[in-house]
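Please look over the sequence and the model shown here before reading the report.

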Amino acid sequence: MPPEFNAFDRCAMARALELAQRGLTTTQPNPRVGCVIARGGQIIAEGWHERAGHAHAEATALNLAGAAAAGATAYVTLEPCSHFGRTPPCADALIKARLARVVFAIEDPNPRVAGTGASRLRAAGIAVESGLLAEEARELNVGHLSRMQRGRPWVRIKLAMSLDGRTSLADGSSQWITGATAREDVQQWRARSSAILTGIGTVLADDPRLDVRTGAEPQPLRVILDSRLRTPPAARILAKPGRVLLFGASDDDARHRALEEQGVTIELLGDAQPTPERVLKRLAELEINELLVEAGPTLAGAFVQTGFADELLVYVAPMLLGPQARPLLALPALATLAQARRFTLFESQPVGADLRLRLRPA
């Protein structure tokens, strides 16, 4: 039978999730984790993982609790790690502190953990329970879970459209369909992403920066799909700070050198085109958890058509652009309505004068 949790258990884990949220933009490539240590219905210490290489949430909380951790309960949003990485195993630290009970929200699918953290705690005589606020914990770390379980990042496609599903006028004019509040909101989604991806068509047409302008967050990796290395060396997307990775196919020595002089890392895929599947596999190898796609209808449509769109982040502006304006996605024609790709709306939020929708495949 699943464990029974009381009201304080739920409050303590909810607090641990709040703490984990503080690392939303900084922990890449590590998961976001929070920890609360409590005894007798009172929280005595708490901590969260701030960034890779720094102390994990459990270690921070244990350090604050000191000797009071003995006999207490630790609430952790992810199974405590059991391996040596940049820091020592958290399971060992919990055992050494003589905790009586550890409650974690979800198991860590990282093959270096995947149940061994819980097993090590139980072997030391610590009561271990899991599954508390599991859905909230999964939502917080969708990227980490996707990379560990599916071998690819979580793909979120950002789109902005009119009420009639258009993204720009026929001549490409699109600044601005959505208002300033919606554009500021996009910055938050960029900040939590490990990487932002676009195509050469968007680079040439819009010359975007695709950076984060909200303060101290580290810049996500900027990724360009550019088969023929047509990205101009003066393109704004190449400006520092931050790293740029370009996936190409056929090489051109002069263009290659010019881009590398701007600090661009170029990965050539031979004669093969940089398809979503190949690119996502490589980004997972580079420890990218969440990928934000900000591209034109052709590339965004390719991610949807190939089934690699995990989430659509759609900003809807209260305007009509007419049938001659450009469509949201480039998708093949359907013979029947039954062939339509369907999505489930799981969040709807006004942002200024616009509406933000979050959808996932049905």
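## Basis of the model

This is a predicted model, in which local features need pLDDT of at least 70 and side-chain atom pairs count only at pLDDT 80 or more, while totals for chains, interfaces and linings use all residues. Residues are numbered from 1 along each chain as its sequence is written, and side-chain values use heavy atoms, with hydrogens and water left out.

Helices (H or I, at least four residues) and strands (E, at least two) are DSSP runs, numbered from the N terminus. Buried means under 20% relative accessible area, exposed over 50%, and partly exposed in between, with a 1.4 Å probe and protein chains only. Strand E1 covers residues 34-39, and because 5 of its 6 residues are buried, the strand is largely enclosed by the rest of the structure.

Two strands pair if DSSP finds at least two bridges between them. E1 runs antiparallel to strand E2 (residues 42-48), to which 6 bridges join it, and Ala38 has Ile43 in E2 as its bridge partner. The hairpin of E1 and E2 has 2 residues between the strands, and Gly40 takes a positive phi near 60 degrees there. E1 also pairs with strand E3 (residues 73-78), in the antiparallel sense and over 4 bridges; in E3, Val76 is the bridge partner of Cys35.

## Salt bridges

Side chains of opposite charge can pair when their charged atoms come close. A salt bridge is here a side-chain nitrogen of Lys or Arg within 4 Å of a carboxyl oxygen of Asp or Glu, and the structure holds 27 of them. One joins Arg156 to Glu311, with the closest N and O atoms 3.1 Å apart. This pair links distant parts of the chain, since Arg156 lies in strand E6 (residues 154-162) and Glu311 in strand E13 (residues 311-317), 155 residues apart. Both Arg156 and Glu311 are buried.

Glu347 and Arg358 also meet through their side chains in a salt bridge (3.4 Å, N to O). Glu347 belongs to strand E15 (residues 343-351) and Arg358 to strand E16 (residues 354-361), so the pair ties together parts that are 11 residues apart in sequence. Glu347 counts as partly exposed because its relative accessibility is 23%, whereas Arg358, at 8%, counts as buried. A network of salt bridges includes Arg156, Glu311, Glu347 and Arg358 among its linked residues.
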